[in-house]
Amino acid sequence: SYVIFKSPNGAIGFHCFHNSCQGKTWKDVRLLFEPNAYERREAERTERMYHSYNRHIKPPLRATQKPTDGSPVFWTAQTILDMKFPEMTFVKTGINVIDKKMRGLGKGQISVWSGLRASGKSSIVSEIGLNARDDGNNVAYFSGELYAKDFMDWMNLQAAGKGYVVETNNDGFYTTPLEVRKKIAEWLEGHFWLYNNDYGNNFREVIERFEKIITENKLDLLILDNLMALDISDLSDSKWDAQKEFVLAIKGLAQRYGIHVAFVAHPRKAMGFLRFDDIAGTADLCNAVDSAFIVHRVNRDFKRYTHEMFGWKEDNEIYEATNVIEIVKDRHSGNQDVFIPLWYEVESKRLKNEKSENIIYGWKEERNTGLTLADFTAVEEPQSEDPFA
């Protein structure tokens, strides 16, 4: 037996005296009589939210505009043939295989970088910025999870190189002498900008500020590390739609100003051998990017998974590396499943193309003078914990 009752405030409830019905709710009772009641209610709620959202949401970051150059609605083969396309330009990454196979990071394009924790993804994008600057490009960063000092401690080590750092009292930690840091700062000045996190992480506001840097300083490369550190909640009520709006917004930014935008996205899962579909976000995010990279650390799991998936033998040369960059998508050249071995250098925090590689960046005014660490005053400072773990 059971009883259905109505409270003075109008709420409807029920109570059943059968032991088997313990834990049942009004929802369960209603579904006995109206099987589609809550599906209908959810559909109505979604429809109301959709219309409310479309009435009040801010204008989208991308705008549909009619061309002002008199171009037709539909192209023909002849009109396309007569078009004058600007020459494609690229930002060199300093990663030899990427620069050879992909010519670098294309301007007007966007890329996503992912990897498990401590795989080296943030170290890679930091180093790419240095290599881009050394090749004459202007670079800006959003590093939402790091203080400015922590960011520069790491970048200074990479810019200095093994021969220009000193070991601290903490085993395995190194620092860069003050005189070296000064020279690196002079070299970066006018070509490097790091967003001040004190101004907040609202995506719309962050991008507006970067647009000013882009236009005033002719930026070539913008690196956003990482997607999770940006507040994109006001782009949509839906997390997935917000990510879609995010990626379309930065794609529009890249195309509008002819720069490359690279962003870091954490994977959806914390363990296992990452594949393209594991990168956090909707399918729209992965579809919209021009290129995608996954950074792996070469450990027992990496060896086991690649052996199972690709049939690699135990003596595969790539297992001698410490880290690997995998090209998982390259829209324009079709590169896929390309694994690039890199070697991590503890002293400089660099990920090198070869064990013997020793890049001399432009802060050293005359690159072949034979200047050594002894020529600088070593000022030892406490080294921050690894910010790119």
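This is a predicted model: local features need pLDDT of at least 70, side-chain atom pairs count only at pLDDT 80 or more; totals for chains, interfaces and linings use all residues.
View 1. Let's start with the big picture: nine strands make an open sheet, and their order is S9-S6-S10-S11-S5-S12-S13-S14-S15, with mixed pairing. At the edges sit S9 (192–194) and S15, each of which pairs on one side only. Going from one strand to the next, the twist averages 20 degrees.

**View 2. S5 and S12, a parallel pair.** Strand S5 (residues 110–115) pairs with strand S12 (residues 291–297) in the parallel sense, over five bridges. To spot one of the partners, find Val112 and look across to Ala292 in S12. Packed on the sheet is helix H9 (residues 239–257), which touches S5, S10 (221–225) and S11 (260–264). The direction of H9 makes about 150 degrees with that of S11.

View 3. Is strand S14 (residues 338–345) largely enclosed or largely open? Six of its eight residues are buried (under 20% relative accessible area), so S14 is largely enclosed by the rest of the structure. Strand S13 (residues 323–330) runs antiparallel to S14, and five bridges join the two.

**View 4. The hairpin of S14 and S15.** Here S14 meets strand S15 (residues 350–352); they run antiparallel and are joined by three bridges. Glu345 has Arg350 in S15 as its bridge partner. Four residues lie between the strands of this hairpin, and Lys349 takes a positive phi near 60 degrees.

Terms used
Residues are numbered from 1 along each chain as its sequence is written. Side-chain values use heavy atoms; hydrogens and water are left out. Buried means under 20% relative accessible area, exposed over 50%, partly exposed in between (1.4 Å probe, protein chains only). Two strands pair if DSSP finds at least two bridges between them. Axes are lines fitted to C-alpha atoms, for helices over the stretch in contact, and angles run from 0 to 180 degrees between N-to-C directions. Contact means heavy atoms within 4.5 Å.
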